[in-house]
Amino acid sequence: MKIALFVTCLNDTMFPGTGQASVRLLRRLGHEVDFPTAQTCCGQMHFNTGYRRQTVPMVRGFAEAFAGYEAVVTPSASCAAMIRDWHPKIAAEEGDGGLSRRVAEVVPKVYELSEFLVDVLGVTDVGAYFPYRVTYHPTCHSLRMLHVGDRPLRLLREVRGIDLVELPEATECCGFGGTFALKNSEVSAAMCADKVTNVRSTGAEALCSADNSCLMHIGGALTRTRSGVRTVHLAEILAATEDDRA
């Protein structure tokens with residue numbers, strides 16, 4: 001299958017290892033992976049901040065950059081939700097029939113990584129090896145907009161060597177919420193503190209999630225409290241093999 005990787009602007013600028021891990025994983029599973037260089041931001045930050053009109057060129061650019069692929073895979077539930085839920089609505093509001101058609105062609109092919117692996121490829125055992133104690137944080141967008149359910153956990157349970165432990169109050173928000181963390185910093189910090197307390201209670205060596213935005217937020221607090229818990233994206237665990245430790 002010819003797959004396009006939508007790496008997202010956050011991963012591209014701050015967590016390039018996640019994009020690289022996604023490519024390694026998908027190629028290991030036998031698929032061709034391209035990185036369309038014309039891709040930019042999905043527009044979520046602008047849209048959520050109220051710059052609706054300024055989001056239109058990003059919607060247009062996304063549809064053009066990813067046209068013609070069998071699937072578009074992204075290691076971000078947050079950005080996948082923005083594209084699938086809002087790009088068609090933004091295109092319709094613009095009143096541009098051509099844009100709406102291009103968006104309608106691309107959007108059904110957009111998948112968050114765990115969705116693509118489980119629902120499209122039909123695999124849960126991807127040949128990964130990660131011998132650490134891990135707990136998983138399901139992000140708000142993955143739960144409430146994409147409804148990925150237990151797909152990430154089904155993938156993690158098949159990882160050899162992993163000690164996967166349940167996170168107490170896992171479905172509670174970490175407090176990041178993009179610009180929410182900036183505009184409501186005290187509330188955000190309190191929510192993050194509760195999340196960190198629950199993470200530390202598991203005795204996990206690593207906290208896993210499907211969104212680096214949330215991992216960045218929680219990881220900062222884990223570092224400041226000298227917890228010894230590192231953060232790792234789902235793609236990086238699934239891409240890891242025994243050969244990496246040789």
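Predicted model: local features only at pLDDT ≥ 70, side-chain atom pairs only at ≥ 80, totals over all residues.
Q: What makes H12 mostly covered?
A: Buried means under 20% relative accessible area. By that cut-off, 10 of the 13 residues of H12 are buried. Among them are Asn212, Cys214, Leu215, His217, Ile218 and Leu222. Gly219, Gly220 and Ala221 also belong to the buried set.

Q: Why are H11 and H12 called roughly perpendicular to each other?
A: Their axes cross at roughly 70°. Angles of 65 to 115 degrees count as roughly perpendicular. The pair is therefore placed in that class. The axes come within 9 Å.

Q: Which residues make the contact between H11 and H12?
A: H11 brings Ser188, Cys192, Lys195, Val196, Val199 and Arg200. H12 brings His217, Ile218, Ala221 and Leu222. By class, this contact has six nonpolar, two polar and two charged residues.

Q: Why is Asn198 called buried?
A: Asn198 sits in helix H11, residues 185–201. Its relative accessible area is 15%. The limit for buried is under 20%, so Asn198 qualifies. Beyond four places in sequence, Asn198 touches Leu167, Pro168 and Glu169.

Q: Which residues of H2 and H7 meet?
A: Ser22, Leu25 and Leu26 in H2 meet Leu113, Phe116 and Leu117 in H7. The contact has five nonpolar residues, one polar and no charged.

Q: What makes up the largest nonpolar core?
A: This core has 33 residues. Leu26, Leu117, Cys208, Ile237 and Leu238 have the most contacts inside it. Elements that give two or more residues include strand E1 (2–5), helix H2 (16–28), helix H7 (113–120) and strand E7 (206–209). Helix H13 (234–239) gives the most, with five residues.

Q: Which residues does Leu117 touch, leaving out those up to four places away in sequence?
A: Leu117 touches Leu25, Leu26, Leu29, Gly122, Val123, Val126, Leu155 and Leu238. Apart from this core lies another, of 22 residues, with Phe6, Ala65, Leu99 and Val106 among them.

Q: How do you know that the span of helix H4 agrees with its residue count?
A: H4 runs over residues 52–65, which is 14 residues. At 1.5 Å a residue it should span 20 Å. Its end C-alpha atoms are 20 Å apart, so the values agree.

Q: What do the buried residues of H4 pack against?
A: They pack against helix H3 (44–48), E3, helix H5 (77–94), helix H6 (97–106) and strand E4 (110–112). The buried residues are Thr55, Val56, Met58, Val59, Phe62, Ala63 and Ala65.

Q: Is Thr8 buried or exposed?
A: Its relative accessible area is 4%. That is under 20%, so Thr8 is buried. Thr8 lies in the loop between E1 and helix H1 (9–14). Its phi is positive, about 80°, although Thr8 is not a glycine.

Q: Is His147 buried or exposed?
A: Its relative accessible area is 52%. Exposed means over 50%, so His147 is exposed. His147 lies in the loop between helix H8 (140–144) and H9. Its phi is near 55°, a positive value in a residue other than glycine.

Q: Why does Arg230 count as partly exposed?
A: Its relative accessibility is 39%. Buried needs under 20% and exposed over 50%, so Arg230 falls in between. Arg230 is found in strand E8, residues 230–233. Beyond four places in sequence, its contacts are Phe130, Tyr132, Glu205, Ala206 and Leu207.

Q: What separates the C-alpha atoms of Arg230 and Gly220?
A: The distance is 9.9 Å, for residues 10 apart along the chain.

Notes: Residues numbered from 1 in each chain as written. Heavy atoms only, no water. Core = buried A, V, L, I, M, F, W, Y, C linked by side-chain atoms within 4.5 Å. Buried < 20%, exposed > 50% of the residue type's maximum accessible area, 1.4 Å probe, protein only. Helix = DSSP H or I, 4+ residues; strand = E, 2+ residues; numbered from the N terminus. Contact = heavy atoms within 4.5 Å. Nonpolar A, V, L, I, M, F, W, Y, C, P; charged D, E, K, R; others polar. Expected span 1.5 Å × (residues − 1). Axes fitted to C-alpha atoms, helices over the stretch in contact; angles between N-to-C directions. Parallel < 35°, antiparallel > 145°, perpendicular 65-115°, else oblique.
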